[in-house]
Amino acid sequence: MLLGKLEKDGSRKPGIIDKFAGDTRSIISKVALEAENKGLFEEAVRLYELAKVSRTTDVCIESTKNVSSLYTVYRSQGTAAEKSINSTFYLLLDLMTFFDEYHAGHVDRAYDVMERLKLLPLSQESVEERVAAFRSFSDEVWSTV
């Protein structure tokens, strides 16, 4: 609890740093930026939220780009993964795109992504087909959805 804690209601519970510094937001923001620069995106998001700085979406987008470029480098080196790993990776990237679009308020684009992925039944006729397909997804997809 050095920097404080984000409560469920969104308020910040003071940490030890509050005893020694007046402007904790700028200090926590600097720590968040350092975490972001080191590629610790989840930590950076939590710290930005703690500091009440609106960089969360930018960090998530940057994280998505880094994951995608890392995979591109991996593939360009001639390292081949199993087909199931490749399809799971791309499905997870598409899910990230869906959530990015949804949280950015682009509901129509998010719907288009979900329609293209065919994960959820969007009509009564496709329920059985989607349920059967969903059972075949890997644990990584299950835990995300």
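In the predicted model, E101 and R109 are joined by a salt bridge, defined as a side-chain nitrogen of Lys or Arg within 4 Å of a carboxyl oxygen of Asp or Glu, with their closest N and O atoms 3.7 Å apart. E101 is buried at a relative accessible area of 17%, whereas R109 is partly exposed at 45%. These classes follow relative accessible area, computed with a 1.4 Å probe on protein chains only: buried is under 20%, exposed is over 50%, and partly exposed lies in between. The model is a prediction in which local features need pLDDT of at least 70 and side-chain atom pairs count only at pLDDT 80 or more, while totals for chains, interfaces and linings use all residues. Residues are numbered from 1 along each chain as its sequence is written, and side-chain values use heavy atoms, with hydrogens and water left out.

The salt-bridge count comes to 3. A further pair is formed by D94 and R116, whose closest N and O atoms are 3.6 Å apart. Because D94 belongs to helix 4 (residues 83-103) and R116 to helix 5, this contact ties together parts that are 22 residues apart in sequence. Helices are DSSP runs of H or I with at least four residues, numbered from the N terminus. D94 has a relative accessibility of 21% and is classed as partly exposed. The side chains of E129 and R130 also meet in a salt bridge, with an N to O distance of 3.0 Å; R130 is buried, at a relative accessible area of 13%.

Across the whole structure, 2 aromatic pairs are found, a pair being rings of Phe, Tyr or Trp (its six-membered ring) with centres within 6.5 Å; planes under 30 degrees apart count as stacked, over 60 as edge-to-face and the rest as tilted. F98 and F99 adopt the edge-to-face arrangement, at 5.0 Å centre to centre and with 70 degrees between the planes. F98 is buried, with a relative accessible area of 15%, while F99 is partly exposed at 34%. F98 also pairs with Y102 in a stacked geometry, at 6.3 Å centre to centre and 20 degrees between the planes. F98 and Y102 are 4 residues apart in helix 4 and are therefore separated by about one helical turn. Y102 is partly exposed, with a relative accessible area of 46%.

K118 is found in the loop between helix 5 (107-117) and helix 6 (127-135). The phi angle of K118 is near 55 degrees, a positive value in a residue other than glycine.

Technical notes
Helices (H or I, at least four residues) and strands (E, at least two) are DSSP runs, numbered from the N terminus.
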